[in-house]
Amino acid sequence: MASLLSSQFTLPAPKADQLSSLSQKHYFLHSFLPKKTNPAGNSSKSGVKVKCAVAGNGLFTQTTPEVRRIVPERDGSLPAVKIVYVVLEAQYQSSLSAAVLALNKTKRYASFEVVGYLVEELRDANTYKTFCKDLEDANIFIGSLIFVEELALKVKAAVEKERDRLDAVLVFPSMPEVMRLNKLGTFSMSQLGQSKSPFFQLFKKKKSSAGFADSMLKLVRTLPKVLKYLPSDKAQDARLYILSLQFWLGGSPDNLQNFLKMISGSYVPALKGTKIEYSDPVLFLDSGIWHPLAPCMYDDVKEYLNWYGTRKDVNEKLKGPNAPIVGLVLQRSHIVTGDESHYVAVIMELEASGAKVIPIFAGGLDFSGPVERFLIDPVTKKPYINSVVSLTGFALVGGPARQDHPRAVEALGKLDVPYIVAVPLVFQTTEEWLNSTLGLHPIQVALQVALPELDGGMEPIVFAGRDPRTGKSHALHKRVEQLCTRAIRWAELKRKSKAEKRLAITVFSFPPDKGNVGTAAYLNVFSSIYSVLKELKRDGYNVEGLPETSEALIEEVIHDKEAQFSSPNLNVAYKMGVREYYDLTSYATALEENWGKAPGNLNSDGENLLVYGKQYGNVFIGVQPTFGYEGDPMRLLFSKSASPHHGFAAYYSFVEKIFQADAVLHFGTHGSLEFMPGKQVGMSDVCFPDSLIGNIPNVYYYAANNPSEATIAKRRSYANTISYLTPPAENAGLYKGLKQLSELISSYQSLKDSGRGPQIVSSIISTAKQCNLDKDVDLPDEGAEISAKERDLVVGKVYSKIMEIESRLLPCGLHVIGEPPSAMEAVATLVNIAALDRPEDGILSLPSILAETVGRDIEDVYRGSDKGILKDVELLRQITEASRGSITAFVERTTNNKGQVVDVTNKLSSILGFGINEPWVQYLSSTKFYRADREKLRTLFEFLGECLKLVVADNELGSLKQALEGKYVMPGPGGDPIRNPKVLPTGKNIHALDPQAIPTTAAMQSAKVVVDRLVERQKVDNGGKYPETVALVLWGTDNIKTYGESLGQVLWMIGVRPIADTFGRVNRVEPVSLEELGRPRIDVVVNCSGVFRDLFINQMNLLDRAIKMVAELDEPEELNYVRKHALEQAKTLGIDVREAATRVFSNASGSYSSNINLAVENSTWNDEKQLQDMYLSRKSFAFDSDAPGAGMTEKRKVFEMALSTADATFQNLDSSEISLTDVSHYFDSDPTNLVQNLRKDGKKPSAYVADTTTANAQVRTLGETVRLDARTKLLNPKWYEGMMSSGYEGVREIEKRLTNTVGWSATSGQVDNWVYEEANSTFIQDEEMLNRLMNTNPNSFRKLVQTFLEANGRGYWETSEQNIEKLRQLYSEVEDKIEGIDR
Amino acid sequence: MATNSLNPLRHHHSRHHGGRHHHLRRRHSLDSPSSLFLKPTTTTTITTAQSLSTSTTTTFSLSPATSSSSSTAADAATATTPSPSPSSTSLDLLERHLAAKNFRQADEETRRLLIALAGDAALKRGYVFFSEVQFIAAADLKAIDGLWRRHSGGRFGYSVQKRLWDKSKRDFTRFFIRLGWMKKLDTEVEQYNYKAFPTEFMWELKEDTPEGHLPLTNALRGTRLLSNILTHPAFADAEAEGGGGEEGEAQERGDPAIKKGGLLKGLKGENASSSKPQSERVFKPDYSF
């Protein structure tokens, strides 16, 4: 066995030279061709990698049950008993083996044969076959903790077949399907969930609550009483079941030995009549305190502490009152089965590091009770401990079964200390984990990383491995060390005084340019830092020498705004000598492969490494170095093997070891630390994010609307992510020509029948053309004769477009931490919150209520308005206006004269007390909606009142202070506050969601609507033909916010539906019949973002299975395009259909994005072909559900072939604050031009964007969306003036929008010339604007000018020579200005 | 000196019928019979192992005469009382194995000895808790180390490991790699995994057997046990020359203490096989890495 195992991983493939040849390639800076000349080197490299990751069956684990098989020497005189078991917990392996060996040694009663399977192994087809075969002659089957549906069904199928023949079937806490297999004489659970008897009700009830396993425990305790009332034979069987459970939970070899004796003696026919003596189970405490040296388990913390005080092996310091105390949460099964080496390791490490420990355990799956009982002083209500580490890996309540997060949060809130959930390997062996680029097994990520996050758990550090042969856990010494040091550091935060605490605030500079120092999404970073520091100072922290204003603060950190970033003129806080650097940075040599010897030339003066920043008392504000390879396209291509540069490492060495920070605060969304190479989840010693963050507690201000990337920061850089609000949204409003248009339309409405109608319409048409609306609305020629009806339609369509622009939400300006929006600023947000129906809460949307009063259905109105029916457009406008008016009236009444909300609750109840005075009713009484349903309105406004309170609450500073004081920060979901007001108030430790919970039924519903609209739209644009293939993108954040809508869209395109299991987890799909679908199954090419891959690998698995299933359906090709294409591809490539049906792609593990964004931002690309090659080389990694353990495998050929069939490309916009040009991600993943190049007919695919940001979901073309975005942001005075008011950072925001627009030109060609033209007249031709931009942030301004020139140079913008000349002049002017000041 | 005084303490074997598991019916036998325990004379100042100099070894001498039971009743309840029984701490077997170059058995025996020396509680538990190392007499550790060195041409033994550990800047990963206890994996990034016990270890003294390869103290429960052994006063003078982990070959020094014969000399001749029932009682630890 052992040799088999080791041979799989020892591939004698020296590949170092290949690697170095790759890293040398950056000589070919401006050609991407070399990559193609080296396919052999490339593929053999990935070949090697794949081999070590996939060994054997391609599954995640290579262990086999054979290590658990014990075949006794045949002894004819003894009857044979064969036991087959399936468990989640490998800890039973050694204990059971010991029990069986001991039994066989006695040579009495029977000879026992045993074989055990770990649930995860049953994925392997051969292993499963062996399992079924083993069952055929088994006497006894035992199962425990089988909670993965796919596998539970496999177990059920196999055992069911043999159930009648088996002498006994014992299943301990598992999914109900498997529980029902239980059989012990007359005792059976086949009725589980149905029977009315109180006995079974117990199980049934628990099925729907968290304490499933705990109720079993309770049952064990109470049952003896119940049994008295059962008929004796039945009672006997039930009693034996209960005893079995007790033996099992007792877990020790002795208990298991007696268990086997009892069961075989009672139920194996060959042993009938043989009296087999067995002892009663040795019982252990259900929950209590355990220490390896203690003489017993304690169920009283005082007794435990008394014992601790008498210990002679440790010094007085550890026992004294000044030692930090760390609580540990352990699983009892590990203790009783004797598989506790990893626990002991942690206890020893903590004690040796000077921390006292209180290790508590529980036998069930609910640890919240023990946490409260043993870790909180019942009298003072204060915790006994300073930080707590769960070593179980599980959510606090519910384990692998059904979780109860609110219960967990309640208990942890009372405990109020930092809560770390470390992870022992369960589904993988140590070596499998080390070899895997994915890192931790996806199921374990779902169960033991994602779910604990919902409890507010932090730092998923893999601290224990698993031995392939014994199944036992063992410590990973360096991981244990890091975990314990970090736990103590967190504990110290609780103990140290504010005055002595040292805090390192880290700001980002991305892309690397001085104009970008202090970048963060939606955040005015320096003003925020300033406000944080003022508050910390007031609170008692030492922030000596803080300047008077935030501008002065910027000045001092950047030192000289005009200077080049690369020049040492950023304030140098510390010069680190090379020798010192190597001393402090243990992993420095690992960086040399990519960067040579330190110091290198980044963040360096040639002799020393430079740390930029400035110190104020105990606070250091530092600038995080950048990736370092932005300027080097070859590195972008091969960044798979990249590493941080020496300057980057030096920064973190400085923070931890020289500045000696007690905590680091990463300021805003987002930096590059957490995106450094390494495993996806479950870092090892050689993963860079882990090495860099070292032992510093990490607090991270993160935008509330970005839970997906926040999750990456949480998992890879161990951050406590504290959410901040995006700036309050406002309606885009109208300006210039658009405003004129709206005036013309309103005069048309009043005068259309007066004979002036035609004239006004013709003005409308000409103005619309001036505004470039002709691309969006089909406009007749000016002066053409058109009928009154047609006139209405034209005006209606223009009107509808205008309304769409006007009511678009935009976040205005930048958020400042500690400055929540005023109530009036929250109105637009509230209006949008009010626009969504919330059937689950019984809340009807305001537009629905209003439409109802005039006898209309709001969906109807939306549809009419979309079509341009003037009457409906007008009605919708009135509804919108009435919504805004009534909500404004409501907000005014609940706020004080400073615009802040005062005491909403009281105000509200006084308002609600006197129905007559309801402000919204008052307001509506003067509109056509005066008869609106008051009851429904009241329900809605009560809800809005709650939301208002949350929007304006200020918890961001408070939570930060809590984190720094070593307190528990309340967890909460991230996402879109409009869809999910639970996101509010901000200042929560944000998390994503249970990845197995999506797509939800509601999301599936919305997905269908969007897919249907998309297909309809494409048919209209494409001569009535269905698209054969849609290429689309799955985003992490999008799917979190919408609970899997876009995931649902893919499923619906190919015509399958998700099936949820008993616990509501989605692990299965089934095809929808063609009849029901009513159209062909549409093929897809799914490009998953790197973040989606990290968060939702199970869903990638699900998608891949669904697509392969559809490709294999026996259906006509013209009705199943997946099958049609897969058959073609299989033939061309000479592979089977299943493999050809590979459609789910992403980056290689540990790498993110196509890097086209970096290339565009840095202008480091030659032509579009180059960008497309980047896309293909970075994004052609496929996930294969048939070999999930292989991780992401390069499958470029299939990727290209699949893309070449695409008729349409498609993306989703999920929330108002992030639109197409706000971030670079969207164009970065857009394949429109690429598809055109790949298609045999060279036809450009249609490009669509679904917009589900409002109640009225839209599918627009990409061109339309880009125009809409330009109109509402870049060209909209309201937007850019809002940005300009943020000063320095605002200029950068403007420049960013233009750069992203060029990105869209490059990847999709869907940007109209007028967009650049208008931008040029707004920002360059307007002298005053030009000067403001230049003076506020010259570096960003230079980039802006450069981008204009680039747009022209690359052929995306045709304009007058004059314009270009002026830009050239400006460029050299600003260059001189910057350089001049530089010298 | 010579202290592991040989008070026959057999009865402790039968005392805990529950093996190493703690019972729900707790504090049964442990409440009263402090008299069953032998006290160390070490009411003294055991702070940390590091602070003890080699000369303090006598502090630990155990003798039946000193087992005053009154004042230290609490000691009995703590699991740290060292009370090795004589036969279990004889070096005979180790020496025989080493002399026969049976390194594999010698390694097993060394581990068993370490547990036995750490005391009764460690025996019951089946492994040594890091904080118990301080109770092991320096002379005993030196004796064990001396045997290993003598029979390996100075290539094996704790003191050898101590020197290499210092040279590795006390970084255990580097140290383990150096000792050949970890193996390089074939992955894109350079990383190492623990070797599997026993097959992947080298049980012969050959040219390519890494220095310090044996005896093996596994990292199943982390590195604190080994770290305390290596920082035990017994090996205080095994420091690499130049200290502080400088890469420079430290001079091999003859250790007079070893020559003197070690503290367990007197045990020679005792029946070594009497350890057998004992190892049966102990839930056998698994030393695979």
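1. Start with a charge over a ring. In this predicted model, the charged end of A:Arg1354 sits over the ring of A:Trp1165. The distance to the ring centre is 3.4 Å.

2. Next, the aromatic pairs. Over all chains, the structure holds 52 of them. Take A:Tyr581 and A:Tyr582: their ring centres are 5.3 Å apart and their planes meet at 65°. Planes over 60 degrees apart count as edge-to-face, so this pair is edge-to-face.

3. Are these two tyrosines buried or exposed? A:Tyr581 is buried, with a relative accessible area of 0%. A:Tyr582 has a relative accessible area of 24% and is partly exposed.

4. Now look at A:Phe890 and A:Phe941. Their ring centres lie 5.3 Å apart, and the planes stand at 75°, so the pair is edge-to-face. A:Phe890 belongs to helix H36 (residues 870-894) of chain A. A:Phe941 belongs to helix H39 (residues 934-952) of chain A. The pair therefore ties together parts that are 51 residues apart in sequence. A:Phe890 and A:Phe941 are both buried.

5. Aromatic residues also gather in a group. One aromatic cluster is formed by A:Tyr92, A:Phe172, A:Phe187, A:Tyr241, A:Phe247, A:Trp248, A:Phe259 and A:Tyr278.

6. On to the salt bridges. In one of them, the side chains of A:Asp792 and A:Lys752 meet, with N to O at 3.2 Å. A:Asp792 lies in helix H32 (residues 788-807) of chain A. A:Lys752 lies in the loop between helix H30 (736-751) and helix H31 (757-770) of chain A. So the pair ties together parts that are 40 residues apart in sequence.

7. How accessible are the two partners? A:Asp792 counts as partly exposed, at 22% relative accessibility. A:Lys752 is partly exposed too, with a relative accessible area of 24%.

8. Helix H39 of chain A comes up again. A:Lys936 forms a salt bridge with A:Glu852, and the closest N and O atoms are 3.0 Å apart. A:Lys936 sits in helix H39 of chain A, while A:Glu852 sits in helix H34 (residues 846-853) of chain A. The two are 84 residues apart, and the pair links distant parts of the chain. A:Lys936 is partly exposed, with a relative accessible area of 30%. For A:Glu852 the value is 38%, and this residue is partly exposed as well.

9. Which parts of chain A does the pair A:Glu1112 and A:Arg1138 tie together? The two form a salt bridge whose closest N and O atoms are 3.0 Å apart. A:Glu1112 lies in the loop between helix H46 (1097-1111) and helix H47 (1121-1133) of chain A. A:Arg1138 lies in helix H48 (residues 1137-1140) of chain A. The parts tied together are therefore 26 residues apart in sequence. A:Glu1112 is partly exposed, with a relative accessible area of 41%. A:Arg1138, at 25% relative accessibility, counts as partly exposed.

10. Finally, a network. Salt bridges link A:Glu66, A:Arg69, A:Lys82, A:Asp134 and A:Asp137.

Terms used. Residues numbered from 1 in each chain as written. Chains lettered and ligands numbered in written order. Predicted model: local features only at pLDDT ≥ 70, side-chain atom pairs only at ≥ 80, totals over all residues. Heavy atoms only, no water. Phe/Tyr/Trp six-rings, centres within 6.5 Å; stacked < 30°, edge-to-face > 60°. Buried < 20%, exposed > 50% of the residue type's maximum accessible area, 1.4 Å probe, protein only. Helix = DSSP H or I, 4+ residues; strand = E, 2+ residues; numbered from the N terminus. Lys NZ or Arg CZ within 6 Å of the ring centre and 35° of its normal. Salt bridge = Lys/Arg side-chain N within 4 Å of Asp/Glu carboxyl O.
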